[in-house]
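Morning, everyone. Please bring the structure up on your screens, and we will walk through it.

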Amino acid sequence: MATSLARWFRSLSSPLTASLAAALLLLSLAPGRVAAQAGDICDVVVFATNGVQVNATVAITGDVVVNDVGSATELVIERSSTVNGNMKANRIQLGRNATITGVVSYNQLQLNTGATVGGQVTPLSLPVLSAPAFQPANPRASAPNVSVLPGQTTVLAAGEYGDITVGAGGTLVFSGGLYDVRSLNAGALSKIYFSAPTDLRILGRLVVGQSSEVGPGVSSGIAASDIIIYAAATDGPAGFAVDIEKSSNVSANFYAGNGTLNLNQVDQATGAFFGVNVIVNKNSTVVLDSYFDRPPTADPQAVNTNGAAP
């Protein structure tokens, strides 16, 4: 679009129309939402810096990438799991009857009995891709805490918040926009909904309890690709940086910039799942709907040309 506008701008002779064209050109180039990047990052549903562990009988749709060298085998797909996509990692191990429909790119590959791949490429240069920038949270120290009691519903406008807790069966609705939060802990059977595109940045951990829901509100008209959740915590005694517990359904993009993202036997996870390490536990289903597969969004800017052509 920017290239087309530039050509149009050069073709104009009127100073006034040229000035308007310049304003439109700046608008089209203004920074906004992250766009799809070179190297097919938009096709990646599971991305880790150091390692990915996919346990038994998992179904993944989309590419799986481990970007650099880890301390052990970087990408492990256990028995009877399926990846409908490509895989790239330094060292890859496929368990019994694992199926990869796409091309596997690697420097070392171990295939166990019955494992199949759609194609093979070696060697593989590292790092594999240019990772999207992680966006840290910066809530002010006095930001208010939020507690959603069991069975209650709370709606939060964009802004800064402290520790957010959602009791069992509680519902938290983000109305949309940019949020800076200290931590978010949702109990079992909780619901976290989004009414509009949302950028949720968490300074600490994100915990989603068993049988919970995270994703667009019923009448929101948005998709998983409109929601990005960053969590800056490291792994520790309390648990993983991002922990989504079993039988939950999540429809959003998650980015654990300094720790592990754990999908623990989730019913379905739709979006893209990034972390230093990523674990997908048994019987989970993971489907691609990436936030990073989006055109940039223009931010309006005032342009003053004093009536002269630029």
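Let's start with the strands. Strand 13 and strand 15 pair in the parallel sense, over seven bridges. Strands here are DSSP runs of E, at least two residues, numbered from the N terminus. Two strands pair if DSSP finds at least two bridges between them. In this pairing, Glu160 stands opposite Asp180 in strand 15.

A word on the source. This is a predicted model, where local features need pLDDT of at least 70, side-chain atom pairs count only at pLDDT 80 or more, and totals for chains, interfaces and linings use all residues. Residues are numbered from 1 along each chain as its sequence is written, and side-chain values use heavy atoms, with hydrogens and water left out.

Back to strand 13, residues 159-166. Strand 11 runs parallel to strand 13, and three bridges join them. There, Val146 stands opposite Ile164 in strand 13.

Next, the loops. Ser190 sits in the loop between strand 15 (177-186) and strand 16 (191-194). Is Ser190 buried or exposed? Ser190 counts as buried because its relative accessibility is 1%. Buried means under 20% relative accessible area, exposed over 50%, and partly exposed in between, with a 1.4 Å probe and protein chains only. What does Ser190 touch, leaving aside neighbours within four places in sequence? Its contacts are Val166, Gly167, Gly169, Gly170, Ser212 and Glu213. Contact means heavy atoms within 4.5 Å.

Asp226 lies in the loop between strand 19 (213-216) and strand 20 (227-231). At a relative accessible area of 9%, Asp226 is buried too. Its side chain reaches the backbone nitrogen of Ala223 at 2.9 Å.

Ala131 is in the loop between strand 10 (116-121) and strand 11 (146-148). Ala131 has 34% relative accessibility, so it counts as partly exposed. Ala131 and Thr49 are 82 residues apart in sequence, yet 8.8 Å apart in space, C-alpha to C-alpha.

Last stop: the second largest pocket. Which strand gives the largest share of its lining? Strand 1 does, with four residues. Strand 1 (44-54) and strand 25 (273-280) each supply at least two lining residues. By class, the lining has five nonpolar, eight polar and one charged residues. Nonpolar takes in Ala, Val, Leu, Ile, Met, Phe, Trp, Tyr, Cys and Pro; charged takes in Asp, Glu, Lys and Arg; the others, Gly among them, are polar. A pocket, on a 1 Å grid over the protein atoms alone, is an open set of points where a 1.4 Å probe fits, with protein on both sides within 12 Å along at least five of seven lines; lining residues have an atom within 4 Å of a point.

Terms used
A polar contact is a pair of N or O atoms within 3.5 Å; within protein, one must be able to donate a hydrogen and the other to accept it, and residues adjacent in sequence count only if both atoms are side-chain atoms.
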